[in-house]
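Hi,

Here is the structure I promised to pass on.

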2 protein chains.
Amino acid sequence: MKKLFFSIAISASFFAFSQTKQDSIQFRSISNLIMKDGQAYDQLYDLTKNIGHRLSGSEANAKAVKWAEQKLKEAGADKVWLEEVMVPNWYRGQESLNIKTANGSWKKIKMLSLGNSEGTKGKDLVGDLLVFNSLEDFNKVPAEEIKGKIVLFNNEFPQEFIKTMHAYGKAGTVRRVAAAEVAKKGGKAVIIRSISSAYDDVPHTGAMKYEDGVEKIPAIAIGPKSAIDLANLAKTNKLSAKINSNCTMKADVKSYNVIGEITGKESKNVIVVGGHLDSWDVGEGAHDDGAGIVQSIEALRTFKKLNLPNKNTIRVVCFANEENGVKGGITYAKAIASKGEKNIFGIESDSGGFSPRGFGLDMSEDKRNIIKSWKDLFLPYGIYDFTETYAGTDIGPMKATGTDLAGLVPDSQRYFDIHHTEEDTFEKVNRRELLLGATVMTQLIYMVDQYWK
Amino acid sequence: MKKLFFSIAISASFFAFSQTKQDSIQFRSISNLIMKDGQAYDQLYDLTKNIGHRLSGSEANAKAVKWAEQKLKEAGADKVWLEEVMVPNWYRGQESLNIKTANGSWKKIKMLSLGNSEGTKGKDLVGDLLVFNSLEDFNKVPAEEIKGKIVLFNNEFPQEFIKTMHAYGKAGTVRRVAAAEVAKKGGKAVIIRSISSAYDDVPHTGAMKYEDGVEKIPAIAIGPKSAIDLANLAKTNKLSAKINSNCTMKADVKSYNVIGEITGKESKNVIVVGGHLDSWDVGEGAHDDGAGIVQSIEALRTFKKLNLPNKNTIRVVCFANEENGVKGGITYAKAIASKGEKNIFGIESDSGGFSPRGFGLDMSEDKRNIIKSWKDLFLPYGIYDFTETYAGTDIGPMKATGTDLAGLVPDSQRYFDIHHTEEDTFEKVNRRELLLGATVMTQLIYMVDQYWK
């Protein structure tokens, strides 16, 4: 009996060993194919240069939908379709910010209205400028001092965080809530220092939110350098600001999640891999999130090309409207719930096309431990970090349907220099970094397909 | 007795725990200071924009020596001095490459002579062009087919390596030896496809070597795109090449290692941290190796600023002449050997100012295990990779004196797109990535200073 047990144990461990060996060979095949002949970088060039930025509701976004449909077909999807999504239709238009000191002339400052903000309807909005370093400082000041004023937040980026995603999590609040907070005290408009890890003069847009029953005052962002300069100037000068903008939220329009899949060979269960097809209306949406789109398509192409044994359906979802509404993610999750379709796993890439370091794992501790048990397979590809628990905005709504979620965790040092700016262009993406991200995503999907329960 | 032993064990582990806690607090202080207020990025701007590239023997290199001396003083070194080093003095001058097909006209191709190469003395060198994909292919061809020809190597970069340092190690041979190999078979000149991970048309220079008794034929590099295009064209066309160049090796000149240190509080032993001050004569030598220089100065500044308890002398060495001779490293190692000065540890940053991932450890297995035992301290800073065993070219010669060596291992994906090119500029360096490298180097020095035997 003891002998039998011993021999079973040996067989089992031999099986485990040879299985691991087999998986490591597949990891290498995936990596070789993508690092040498991956298409993601060329496709990103095409998306960013021939379509460019693609805000929900824009013409470019409609072109991007057709583009993604075509690319999924070319990648070898067995089935490609569009899923209708109603999306917000925010419009920017002409906009400007000028500042003057008491005895100076108006000086133009580089700016971007925050996404979803209402503008000044093309009229000059002029007011005295008050500067605060934080929401906390602002909260200490009574409404009568704010009434009729334009408020500038010179909010610093917390550089002490090693992972900038955590810094962004902390620093991003002011962008979302400042307009409502300032309006509650009677302020006329709000200007924030961009949520930026750089010290340049590049303004960053990004979503803001109004509160029901609170006046919708204009909200704009300026570059860190301008914010610092104005804050310094304000110490010894009375400053006035003049905002002129035309941005406004129009009625919702129709858009689409673009979906392509290769049919599962053994099961109807689905593994989702995706990113979001929309972007802000500046730059080229290259890192955010063209990268995630082309990496997801690369994963599907690789499964086809290597004829990997997909037990489950491998489905790419190019989500609509992550930036200002998450309507694509919500719609997709509702659809699978109403069909009763089992989506066992979702993986998203929406933290930039930088060199990958790990996966964020939004799932039970037991499930997380399964993925951690694969760490030796991933280590040669630079993947060692399984500590994050956030996966992705678009796949987030699937959690309620019982889907386990993972997010690619790329190196985060450069992301918030360019996030939501004119600078988020193809040139800022490195071919090998992008492809290495696609590689490890494909490897994770391969493992999940084999071993997920 | 048992009880006593137990209580000693508890005390020891409590001591170890509180020591680790103390170290982790120091790690955080180092990180906070550097990530928020580090000067390395601004200093790199100064070095790259106000001095620029600085090949050994050049006027710019002499300026860089003065610059480094000044910066070490400003950083708070107790003592700063210059160590004389005789260095090679290679001169580039005007240079060009033109190609034509049998019935076409001459077409100019972007090129750079390889470092140390002799040129054509300003005369046109014309010859039929033969294309090979590798040295292996070339070696199969008899001398009579090579005699009088110009040879182009369209050597691919091995993209399948995940760490590009390993790819470079493999791919770099052709650059170093091609001229000698072609000359041995009577070839007139050699052109290589740049050792580049990109597919653009940027030529990369870098050191080549002649062999004694073998003719010194011109050796130049062209961009990957040109190499691929010419290799394709050569399949159906007879090609001629015309090289005109003035590069030549002049007599050695005097240069300096620039050295600054803070005196050890308990010991005369020395910990060296450094990079190399010279660069190739194109671009700005930003990643290679301005980054290593400013990171090393940052480490010294941080020790002073935080008043860290340096038992040993912490010494920054800005090495002369890494790129084409390593004379600085050789001179420094000789000097410490002849003084009998104990340099217990050396750490170098010369793999670019990218986001750090680990340290290469060139030391005994036992010593390596000491550093590995610190991994939990380093992990929050993105340092997990202790598998590499190469430390650095400049500190290499110290090994013979018994010095344990470490090298910063940054993410390697982008390095060989820009290495030794016009593109290695300040703009390609990210502030946070550079500072994070300086942070982990300083943390390692702090630990070594405390615990190294």
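First, the ground rules: this is a predicted model, in which local features need pLDDT of at least 70 and side-chain atom pairs count only at pLDDT 80 or more, while totals for chains, interfaces and linings use all residues. Residues are numbered from 1 along each chain as its sequence is written, chains are lettered from A and ligands numbered from 1 in the order in which they are written, and side-chain values use heavy atoms, with hydrogens and water left out.

Let's start with how the two chains relate.

Now to chain B. Its open sheet has seven strands with mixed pairing, in the order β1-β10-β12-β11-β13-β15-β14. Strands here are DSSP E runs of at least two residues and helices are H or I runs of at least four, numbered from the N terminus; two strands pair if DSSP finds at least two bridges between them. β1 (79-91) and β14 (356-362) of chain B are the edge strands, each with a single partner, so one side of each has no neighbour in the sheet. From one strand to the next, the twist averages 20° (axes are lines fitted to C-alpha atoms, for helices over the stretch in contact, and angles between N-to-C directions run from 0 to 180 degrees). β14(B) runs antiparallel to β15 (residues 404-410) of chain B, joined by six bridges, and L361(B) sits opposite A406(B) in β15(B).

Then there's a helix pair. α3 (residues 59-74) and α9 (residues 286-305) of chain B pack at about 20°, with their axes 10 Å apart. That makes α3(B) roughly parallel to α9(B) (angles under 35 degrees count as roughly parallel, over 145 as roughly antiparallel, 65 to 115 as roughly perpendicular and the rest as oblique). W67(B), K71(B) and L72(B) of α3(B) meet I293(B), V294(B), I297(B) and L300(B) of α9(B), where contact means heavy atoms within 4.5 Å.

Cheers
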